[in-house]
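Q: I am new to this structure and would like to go through it step by step. Could we begin with the terms?

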Amino acid sequence: MSHLMKNYGRLPVSFDHGQGVWLWDKEGHKYLDALAGIAVNSVGHAHPRLVRAIADQASKLIHCSNYFNIDLQEQVAEKLVEHSGLEAVFFCNSGLEANECAIKIARKFGHAKGIEVPNIIVLKHAFHGRSIATLSATGNPSVRADFSPYTEGFIFVDESDLDGIRKIVEENKNVVAIFFEPILGEGGVVPIDLSVIKGIREICDEHDLLMMCDEVQCGMGRSGKWYIFKPGNHGSTFGGNPLAMRAALETLSIIEDEKLVENALEVGKKLKKALSKSLNGFPGVRGIRGKGLMLGIVLDRDAHDILELGLKAGLTFSVTAGNVIRLVPALTITEAEADELVKRITPVIRSFLAQPKI
Ligand SMILES: Cc1ncc(COP(=O)(O)O)c(C=O)c1O
């Protein structure tokens with residue numbers, strides 16, 4: 001019996017591997033793949049360069065958090081800026097996240113102009129995602145149904161009704177942005193007429209509005225250009241893809257085989273105890289809290305400046321809520337390593353607290 005949620009209408013086939021535009025199922029049948037993971041496997045299956053790059057990167061560094069400079073981001077951003085003609089890039093995990101970000105940018109832009117309830121014009125047949133905000137910006141009833149109440153602040157217009165858009169903008173001073181897919185994807189692969197796009201650009205320029213294009217589906221060369229403008233119930237495009245799933249499966253097996261949950265409990269307890277012993281009662285330390293290997297050392301002051309002191313002592317950790325040093329080491333941490341952590345962090349905290357309080 002399947003334990004998966006029933007949110008996808010699945011076809012009765014299970015693929016085993018692919019090569020270029022070809023897929024093979026478990027029984028060895030070969031398919032020409034004209035779907036490409038819903039417009040996202042841009043270089044085909046198992047492209048040897050892509051395979052090598054992923055393997056190589058995985059052997060070096062998979063994640064380190066945006067608390068640090070990430071050179072690869074700079075390199076990707078440079079290419080995206082070059083191909084889009086835009087100025088800055090923000091990286092996220094999915095289409096809807098990108099659109100959430102766009103909506104937030106538009107709202108912030110409005111608030112900066114003194115508009116308390118910013119409105120965004122969206123197209124009736126657009127699809128922007130399945131989070132509450134993005135489905136609220138999506139007209140398609142099959143995406144919206146059963147998920148009210150919706151997020152306010154979206155005004156729906158017909159895709160080709162430039163006059164209608166102009167009228168709304170002239171009458172409604174709360175409009176801050178016009179948000180649209182240059183080619184409607186889920187809306188039926190409908191290219192918006194170039195004259196309408198140019199008209200939207202003009203309206204945005206005239207009224208100081210943001211023109212926001214959702215090219216999640218049509219961008220990155222799929223339209224035949226890098227980007228267009230140089231003149232079910234729930235789902236996610238990448239959610240559950242084989243690579244992520246393989247990684248997740250392996251991670252779960254390691255946690256099971258190496259008994260890392262138990263390790264987190266045991267070493268976490270000892271770590272908390274050792275931290276309490278060395279720091280509790282020290283002026284400026286309010287206490288140590290948390291469970292397992294998710295621990296916080298609560299200080300009586302803003303602690304952001306401690307991060308560099310930590311780095312100098314060969315330690316990385318974070319500060320949350322302003323005054324809480326957060327320790328969330330890997331679940332593989334040994335008792336000896338936890339002892340070393342206490343040994344290193346104690347003098348860091350003490351010297352930080354010895355500084356005059358700002
Ligand atoms: C135009 C458009 N925007 C947003 C999304 C949402 O992307 P994701 O499923 O990665 O959240 C899609 C997905 O099909 C899309 O086509």
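A: Buried means under 20% relative accessible area, exposed over 50%, and partly exposed in between, with a 1.4 Å probe and protein chains only. This is a predicted model, in which local features need pLDDT of at least 70, side-chain atom pairs count only at pLDDT 80 or more, and totals for chains, interfaces and linings use all residues. Residues are numbered from 1 along each chain as its sequence is written, and side-chain values use heavy atoms, with hydrogens and water left out.

Q: How many disulfides are there?
A: The count is 0 disulfides, a disulfide being a pair of cysteine sulfur atoms within 2.5 Å. For Cys-64, the nearest cysteine sulfur is that of Cys-92, 17 Å away.

Q: Is Cys-64 buried, exposed or partly exposed?
A: Cys-64 counts as partly exposed because its relative accessibility is 28%.

Q: And what about Cys-101?
A: Cys-101 is in no disulfide either; the sulfur of Cys-92 is the nearest cysteine sulfur, 6.4 Å away.

Q: Changing topic, which residues touch the most other members of the largest nonpolar core?
A: They are Leu-275, Ile-297, Ile-325 and Ile-349, in a core of 27 residues. A nonpolar core is a set of buried Ala, Val, Leu, Ile, Met, Phe, Trp, Tyr and Cys residues joined through side-chain atoms within 4.5 Å.

Q: What is the strand order in the open sheet of 4 strands?
A: The order is E5-E4-E6-E9, with parallel pairing; two strands pair if DSSP finds at least two bridges between them. Strands E5 (154-157) and E9 (210-213) are the edges, each pairing on one side only. E4 (residues 119-123) and E5 are joined by 4 bridges, and Ile-120 stands opposite Phe-154 in E5.

Q: What about the sheet of 3 strands?
A: That open sheet has the order E1-E2-E3 and antiparallel pairing. Its edge strands are E1 (15-19) and E3 (30-32). E1 is joined to E2 (residues 22-25) by 4 bridges, and Gln-19 has Trp-22 in E2 as its bridge partner.

Technical notes: Helices (H or I, at least four residues) and strands (E, at least two) are DSSP runs, numbered from the N terminus.
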